[in-house]
Every structure is written in C-alpha cells, then in structure tokens.
Amino acid sequence: MTNDAKEKEKLTFEQALAKLEEIVSAIEEGKVPLEQSIDKYAEGVELVKQCRQILDRAEKKIQLLGRGEGGQLEVTGELDEVPDDAAGA
Amino acid sequence: MAAKRDKLYDFFDPSRAKGPRSGPDIGKEVIPQPMSVSLLVARIKQALADAMPAPVTVVGELSNVKLHDSGHVYFRLKDSAAAIDAVMFRAAAGKLKFTPTDGLEVVVEGHVDVYDARGQLQLYVERMTPMGAGSLELAFRQLKEKLQAEGLFDAASKKPIPRFPRAVGVITSQTGAAVRDISRTLRRRWPAADVYLLATPVQGEGAAGQIAECIRLMDASASALGIDTIIVARGGGSLEDLWAFNEEAVARAVFAAGTPIISGVGHEVDVTICDMVADVRAATPTAAAELAVPDASAVGDWLSEAATRATRRMRQRLDEARLSLESIRRSAVFRDPLGRVRTRMQRVDEFAHRLRGGVRHRVAQARRSSEPPAARLAALHPARLCDRGAAKADSLLARLRWALGGRSKRAGDALAGIAGRLAALHPARLWDRGAAKVDALAARLRWALGGRSKQVGEALAGAAGRLAAASPVNRIRLARQQVDGAARQLDAMSYRRVLRRGFSVTRSKAGRILRAASEALAGEMIETELADGRLSSKVAGPWDNPGEPAGQDHAEAPAKAGPAGQPAPRPRPARKALDAGATLFD
C-alpha cells in the first residue's frame, strides 16, 4: 500500500462499516429529514465505494521482512509463489 | 582425666597397634613411606576406573535436586537402600527438555568418579531420561503446569483479533507448506490485507529462540508496518518436530507481545504450549489464516445489502415527498386561490346593496315625514322647507356615506389581508420553492448515484442499477412537469390575472404592499407591479387634485387601484368586479 492510499484511508474498514451500518439504520428508521437523509445516503454511497475499493484491492505478493538497521524490520523483497509440492514444514 | 588420656595414648600406641605382630623385632620394623592424600585419592580413582569403566547406566529416584545458577544440576540418586551424590554439568543439563525434580524416577547415564577436593564418590551424569513418560511429554506437562500457574493461558489476558486486519504478519518457515497455505487463504479471503512474512527455522536446535526473537521483532515493528495480527505457524509433524513451539522462550514471547497472535501449529490433534498462550488457537496454519481475516465475499454481500436497503428507503421517502407535494397542490387554496376573496366580495356586494336600499328608504321616509310640516309651512316658505329637507337628507346621506366608507374600508382591509396572505402564499412562488427543492434533492440524489455506479463495483452496480431502473430522477422530472402544469394553472387564477385587467399592486421599496396613500412618504421610491412588469416611481406627495373624480375615499382593495404618480391606466372596468367600495355609490 502506498502512502497516498494510506492517507486516503482515514477510516479503517471496520470504522467505515460501522458508520455505514449507522447510516443505513438512520435512513431506514426515517427519523431524519429528507434533505439530511439524502446527505446521509450520499455519504453511505461514498462509504460503500470506499469499502469496495478496499475489498477489490488487487492481490499482492507476500512481502518478506528482514532485520534492518537499528533492529527494526523492513521489507527485503517479495515471496515467490511457493510450489504445491514444497516439502518440509 | 589422666586415666582417659592414658587410654587415648594407649589406643594410638604403635606398639599396641602392632600387637599381633609384636615380637622380638618390635621397634625395628620399617614403617612404610606415607603417601599423600592426593596420591591416595588418585589411587582410588584409578581403582574405580579399572573396576567400573564408563559409562554406567543407573536407575533411581532424584532427591535434593539443586538447579544451580551456573546451569549445573546437583542431586542425589537413591533407591530404598542406597544413595549416591550426582552432578550434571551445564553442557549436559542444558539439553534437558524437562526439569529434574525431587521424587522423579529417572534413568541416568554417566560415569562414577571421585571428587578430588573431598574424596567424595560422585556420579557424573551425561544423560537423564524420565521413567515412564518420554522426556518431551514430561517437559510439556511441566511447562504447561508452570505457565498455567503463572496465568499465561488465562482467558482474561487474551487480546481480541481485529475483524478487518490491515496487515497480517506471518512467522513461519519460508519454504514450508504452512506459508503456502496461509498465503493462499489470506489472499483468497481478504486481499485487502497486506501480508508480511518473517521467516524462521521452525524446528531443530535453536529454533525456539529464533521463533521467540521473530515474535519480539515483529511485535516491535508492528505499528510501523501496520501489522495488527500476527500468525505463528508450522505445518504438521512429530512431537519432536513441533517441539520448538513447546518451549518456554516461545511461550514467553507470545505472551509478552502487544499484537494479537494466532497460533496454528501442527495438525488438528496437536496442541502446543504456543497454541495455549496465543490469543487465538487455530488447529492448522490454514485455519489460522481463516481466523485472521474475514471473508471478503460475505462482507461484499453485506455491503450490497446495505446499499439496497438504503436505496429502497430513499426511493420510498422521495415518493412520499412527491405525494405530499401533490396533496399541497390539490388543497383548496391552490385549486381556487381567489375563491375566498370572491366569497367576501359577494358578501360586501350584498351588504352594499342592502345599505343602498336602506339609504333610499330613509331618504324617502325623511321626505315623507317632512311633508306635513312642509304643507303646514307651505304658506310660509315651502321651497325653503323643501330645501331644508333635502339638505337634511343630504347630510344624512353624507353621514351614511362616511359610515359606509369606514365599513367598506374595513371590508377592504379584510380583503387586503387575504390578498396579502395570498401573496405570501403566492402559488407560483410556493411552487417555485417546492419545485426548486425537489430539483435540488433530485440533483443531489443524481450526484450521489450518477456516474458512480461504475466505480462502485459489480455488486453495488446491481443496487445502483436497480435504483437507476426505478429512476428517481425520472420520477422527479415527472413531478416537476406536474408542478409546472399546476403552476401555470395557478398563475392563470392568481392576482396577476387581475393585473391584466388594468389593476396594479404598489409596494414599498422593502416589498411591502401599500394599502393606504399615507403609507407612502413623499420622496420615497415605490414599485408598481403591472401585468407585464414593474415600474419604480418616486412619490411626489398625496394626490390632491380636486378635479379628480370620486374613488379616493375607498381606494383600498386587494390589488390597489390607481396610479401612484405614474400615468397608469384607470382601473375603470375592474371597479365593478373587484372594488367593493366603488360599487357602493354608483
């Protein structure tokens, strides 16, 4: 995930889902005025879009970690596909 | 005391000691050269080594076990009749899986030797295995009991696994089946999560220490990498293969980690200490991955359902809004906005008619009642009497006229009030407002829906498509057309139609309708609305041209008649129809 994409994801997926759930119930209960519920609807559509983007994110290779300077882990490469007949544990 | 001393002396008397051999040579025998203690012990060691070559294998019970800080283990091996001190040095003791404890029946292997410094016989142990259970089973049981007592398995210290992890860290061998199973499962179920692998040997000498170190490292870097779930895993194998995951170092590292850890070691039947300490225990590496992430397709279904539910309800609410607009359109005031005015005007007409009749009657009466005196005074001055009667009738008429003026003014005020309210409620304006609102809502709905369905993915595209099919935009457009039609109808009936008949409405600069000439000050700008537009005028002052025909005493009407310093057409034809005051004195 690039930093830009990270920036966009201000809400975690879980928060987005929780908010969406809240919006849908607010709309369904119909307690908010029509104008507000249209705002909420638009917000909900936006959240669904965001969530979909997260869900549909392209598969990525597994990133390999190694110990970098100062003991912190850093990405050292990508894992090649492990063949089916890989032996051992 | 002396006797005792003698006795002691006697005891050590060499002559007595050698009693049996005493004879004529006594005192002449050569005492053998004494050997040193070291030599003695050395000779014993040698004799022992000759008699009992290493290794020896002994079975016995452990007692007086001392685990020394140095890593050496001291104990006594005993049975019911005998005991021997024993030591197991660090190099050998370090390989022990289990912890030697008092009372444990063990088989030890080693050699017997003498500890020079004390001349003490000792068993030097190289290997120790418990009797009965294997040492691994014993070690497992021992560590399990120990960690359990310390609370490392307590449910209270289990951390919850995030429902939707951003990144999953995997600690396992890079080449095993486990990493393949985990990788496939994670990407199939939840491609959204990043997956990091920190490879480590998972079996063999030192594996436990490396696994523990990997757990510590990954936990320390978790926030930097966004890792919010860690999987520690290994594929199936023998108890020995899985042993690293039963070691205390791994258990401690798992317990100490701040990041939630899922342990998936071995097959279903295998339970390791690591499994027990971990926040979640999975039966296999694949199961660990399944527990780590949700199923994207299930979440996608939920999203679609949420979108459908919200869209359905929004459509319903827009329909409701359209219906309530419709019902406003159908309300009496919009169907016939001038109906109430007409009703009032009719009543004013009737009233005026009755007054007129009354006035004529009273004048006739007055004339009649003045007849007898007129006849009586005819001789004196009938003509003047007649004149007086006529003057009286005139003044009566004037008073009536005045009175009527007031009443008609009140009636006019009432009408003007109605007209004012109608103006505020002006149908065209209301409709403009309603339609604009519907338009705005439709535009926003369109914005919310339109052009996004593509990006929103297939499932949402379904929901959005259904919404588009039901076409709230079309419904709004239809509503808008209905509104426009209604507005035209209403417009036809509105006061503007009156304007087309030659009336005008005069408003102050602030937009307030002027109902009395006194409401406009000289020099003020006023606005006159005519059928085809508006004029702005400046008030010169009150109109006081005496030559102007009547009509100034009852000018107030819903649509104020007459020019305001502007040569507007005289509202002559309208007077009969609308201006109640004007009809009174025709």
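User: Which residues have the most contacts inside the largest nonpolar core?
Analyst: I231(B) and V254(B), in a core of 85 residues. A nonpolar core is a set of buried Ala, Val, Leu, Ile, Met, Phe, Trp, Tyr and Cys residues joined through C-beta atoms within 7 Å. Buried means 20 or more other C-beta atoms within 10 Å of the residue's own, with C-beta atoms placed from the backbone. This is a predicted model: local features need pLDDT of at least 70, side-chain atom pairs need 80 or more, and totals for chains, interfaces and linings use all residues. Residues count from 1 along each chain as its sequence is written, and chains are lettered from A in the order written.

User: Which helix gives the largest share of this core?
Analyst: Helix α7 (residues 207-225) of chain B, with nine residues. Helices are DSSP runs of H or I, at least four residues; strands are E, at least two; numbering starts at the N terminus.

User: What does V254(B) contact, leaving aside neighbours within four places in sequence?
Analyst: Its partners include I215(B), V232(B) and I261(B). Contact means C-beta atoms, placed from the backbone, within 7 Å.

User: New topic. How many residues of chain A are in contact with chain B?
Analyst: 41, against 53 residues of chain B. The largest share of chain A's side, 14 residues, comes from α3(A).

User: And what joins β1(A) to β7 of chain B?
Analyst: Two bridges, and the strands run parallel. Strands pair if DSSP finds at least two bridges between them. Q63(A) stands opposite Y196(B) there.

How values were computed. Two residues are in contact if their C-beta atoms, placed from the backbone, lie within 7 Å. A residue is buried if 20 or more other C-beta atoms lie within 10 Å of its own, exposed if 12 or fewer, and partly exposed in between; C-beta atoms are placed from the backbone.
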